[in-house]
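Good morning, and thank you for joining.

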Amino acid sequence: MSTRITAVDVHDVRFPTAAAGDGSDAINRGDYSASYVELRTDDGPTGAGFTFTNGRGNEITCAAIEALAHHVRGRTVAEIAAEPVAFWRSLTADVQLRWLGPEKGVIHMAAGALVNAVWDLRAKLAGKPMWRYLAELSTDELVANIDFHHITDALTPDEAAGILDKGLVGAADRLAVLEQDGFPSYTTSVGWLGYPDDKVRALTREAYAQGWRAMKMKVGGPPADDLRRARIIRAEIGPDALLMMDANQVWDVDEAITNMTALAEVDPYWIEEPTHADDILGHARIARAVTASTDGRCRVATGEVAANRVIFKQLLQAEAIGVMQIDACRVAGVNEVLAEILLAAKFGVPVCPHAGGVGLCEYVQHLAIFDYLRVGTSLDGRMVEYVDHLHEHFVDPVRTRGGRYLLPTAPGYSATMRPESIARFRFPDGPVWR
């Protein structure tokens, strides 16, 4: 892996999703966008990575990537792989830019775009899809890629190694299960908040016919509207399918408890982001209340905008969540996600990755598969989110069958966008935005 990164190209790519209400929830009405990075090399493939944004502001994340790019440009893949934590910290702890976080927000997301592009390049050079590349790394190599700083009170390197070593047992059998059946999933495409009732009903009926048995709806509008829409979906999917809810942080703590007490009528499987993403103690209080009001049938889920591994550590330590939702590019890339997956395993909380957006499904399928093969080792309570938008813009798009993800086979992290899509949707000069 003497391949050297010679150039870092950054593209502001935006898709006009707001007009149709795709992705709409209690807070967001966005144009799904990506700050897209290409790492060009002297004698190898191009590494692709991105971070997801919601439209306006994508130019800020692109600028942050440019500001960090000098930490990547000119380095060889071998140098990076030999000292992965030092490389990771060069981005996340830049002695001047870290002040703008630290380890959160635009700077951290920009670091993640570059880190993910490096991992894509590593997997492509190895000729393996990312999930396989990670799963076949030795325990020592995986542990060496994790920055344990600020989390050793919850997870030590020795504990992480023990979890990963245990995950080697039966990994081949678990892979055979995925090769035959695929990875469990749920769809969010049926229940965006901006969709009228008839569209929700039709989409739910269609998804059920396609094999989906777990579906998520957005809540956080007027409580009566939330309950009416929930009743529509429950009536279509029957009593045995799972119905999840997502409030996208719009409620106060007491409001979340009150609203979920009413929504318990439709037997929700989880309530996602019921309050502010940084409110660890608020989530813990909601979790206790929801558990009591549903006899333990509903749990709290969050994590898609959790800023870093330290926030996840606290959510787990406080028993604030029953489902951990990692995001592939909100935090600083694969290295930090590895820490989060191992933290979840230590605390016995299932990981159900957040996806949707643009390219997030492509990313997180690899992480969920790796988790099952080497860390969590169970499919109980595990699902990957699926949204049926924008996959056509990727060279290696996700594939599903009967409500399950099929294993990616192409080398890399499935992050490479089609050149024609970049050209068409590049902001502000692409033809779609002129």
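By a cavity I mean a set of grid points where a 1.4 Å probe fits but cannot get out. The model on the screen is a predicted one. A search of the whole structure, with a threshold of 30 Å³ or more, returns 2 cavities.

Let me begin with the largest cavity, whose volume is about 40 Å³. Which residues line the largest cavity? They are Ile-80, Pro-84, Phe-87, Val-115, Val-118, Trp-119, Arg-122, Asn-145 and Asn-335. Helix 3, residues 84–92, and helix 4, residues 105–126, each contribute at least two residues to this lining. Helix 4 gives the most, with 4 residues. Sorted by class, the lining holds 6 nonpolar, 2 polar and 1 charged residues.

Among the residues that line it are Ile-341, Ala-344, Ala-345, Asp-371 and Arg-382. Helix 14, residues 333–347, supplies the largest share of that lining, namely 3 residues. Here the classes divide into 6 nonpolar, 1 polar and 2 charged.

I turn now to the aromatic rings. The count comes to 12 aromatic pairs. In one of them, Tyr-32 and Phe-52, the ring centres are 5.2 Å apart and the planes stand at 75°, so the pair is edge-to-face; the cut-off for that class is over 60 degrees. Tyr-32 belongs to the loop between strand 1 (5–14) and strand 2 (33–41), while Phe-52 belongs to strand 3 (residues 47–53), so this pair ties together parts that are 20 residues apart in sequence.

Because Tyr-386 sits in strand 10 (residues 384–386) and Tyr-405 in strand 12 (residues 404–405), the contact ties together parts that are 19 residues apart in sequence. Tyr-386 is buried, with a relative accessible area of 9%, and Tyr-405 counts as buried at 2%.

There is also an aromatic cluster, formed by Phe-50, Tyr-363, Phe-394 and Tyr-413.

Finally, I would draw attention to charges placed over rings. Lys-199 lies over the face of Tyr-195, 4.0 Å from the ring centre. Arg-299 lies over the face of Tyr-269, at 4.1 Å from the ring centre.

Key
Residues are numbered from 1 along each chain as its sequence is written. This is a predicted model: local features need pLDDT of at least 70, side-chain atom pairs count only at pLDDT 80 or more; totals for chains, interfaces and linings use all residues. Side-chain values use heavy atoms; hydrogens and water are left out. On a 1 Å grid over the protein atoms alone, a cavity is a set of points where a 1.4 Å probe fits but cannot get out, and a pocket is an open set with protein on both sides within 12 Å along at least five of seven lines; lining residues have an atom within 4 Å of a point. Grid points are joined across faces, edges and corners, and a volume is the space filled by probe spheres set on the points. Ala, Val, Leu, Ile, Met, Phe, Trp, Tyr, Cys and Pro count as nonpolar, Asp, Glu, Lys and Arg as charged, and the others, Gly among them, as polar. Rings of Phe, Tyr and Trp (its six-membered ring) pair if their centres lie within 6.5 Å; planes under 30 degrees apart count as stacked, over 60 as edge-to-face and the rest as tilted. Buried means under 20% relative accessible area, exposed over 50%, partly exposed in between (1.4 Å probe, protein chains only). A charge sits over a ring if NZ of Lys or CZ of Arg is within 6 Å of the ring centre and within 35 degrees of the ring normal.
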